[in-house]
Amino acid sequence: MLRARTAAYTSWANTRDVAARTAPGREAAHRRFEDQVDPDRVLPEAERLRRADAARKAWFTSLALKSAKARRKAS
């Protein structure tokens, strides 16, 4: 575990363009929400993007709720 963590930190320390390195993951996450709200791509792009943004916000809000419940339970 510590070797892997050391390797990861070393790799990130040598990364010049963080945005380019993380772009594939961000694009995949964005596509996931678009697929959720419009899998057949029948909606106009602006509407699909609006709905995907709402789905993303709903997802992260649900994660925040789960986190708050876990913290409340732990205390």
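A search of the whole structure, which is a predicted model, identified 8 salt bridges, a salt bridge being a side-chain nitrogen of Lys or Arg within 4 Å of a carboxyl oxygen of Asp or Glu. Side chains of opposite charge can pair when their charged atoms come close. Local features were considered only at pLDDT of at least 70 and side-chain atom pairs only at pLDDT 80 or more, whereas totals for chains, interfaces and linings use all residues. Residues are numbered from 1 along each chain as its sequence is written, and side-chain values use heavy atoms, with hydrogens and water left out.

E47 and R50 are paired through their side chains, with an N to O distance of 2.6 Å; both residues belong to helix α3 and stand 3 residues apart, about one turn of the helix. The relative accessibility of E47 is 22%, and the residue therefore counts as partly exposed; in this classification, buried means under 20% relative accessible area, exposed over 50%, and partly exposed in between (1.4 Å probe, protein chains only). D53 forms a salt bridge with R56, in which the closest N and O atoms are 2.6 Å apart. D53 and R56 are likewise located in helix α3, with a spacing of 3 residues, about one turn of the helix. Both partners are partly exposed, D53 at 29% relative accessibility and R56 at 34%.

E34 is buried, at 10% relative accessibility, whereas R41 is partly exposed, with a relative accessible area of 34%. R41 is placed in the loop between α2 (18–37) and α3 (45–74). The backbone of R41 has a phi near 55°, a positive value in a residue other than glycine.

The chain contains 3 helices and 0 strands, both assigned as DSSP runs (helices: H or I, at least four residues; strands: E, at least two) and numbered from the N terminus. The order of elements from the N terminus is α-α-α. The radius of gyration, taken over C-alpha atoms, is 18 Å, well over the 11 Å that the globule rule gives for 75 residues, so the chain is more spread out than a compact globule. The globule rule is 2.2 Å times the number of residues to the power 0.38. The C-alpha trace spans about 45 × 40 × 15 Å along its principal axes.

Of the 75 residues in the chain, 12% are buried. W59, F60 and L63 make a nonpolar surface patch of about 280 Å². Patches comprise residues with over 30% relative accessible area and no salt bridge, like charges being joined within 9 Å and nonpolar side chains (Val, Leu, Ile, Met, Phe, Trp, Tyr) within 5 Å. L63 lies in helix α3 and is partly exposed, at 34% relative accessibility.

The chain carries 18 positive and 9 negative side chains, and the centres of these two sets lie 14 Å apart. Lys and Arg count as positive and Asp and Glu as negative, with His and the chain ends not counted; each charge is placed at NZ of Lys, CZ of Arg, CG of Asp or CD of Glu.

How values were computed. Areas by Shrake-Rupley, 256 points an atom, 1.4 Å probe, with all protein chains shown as cover.
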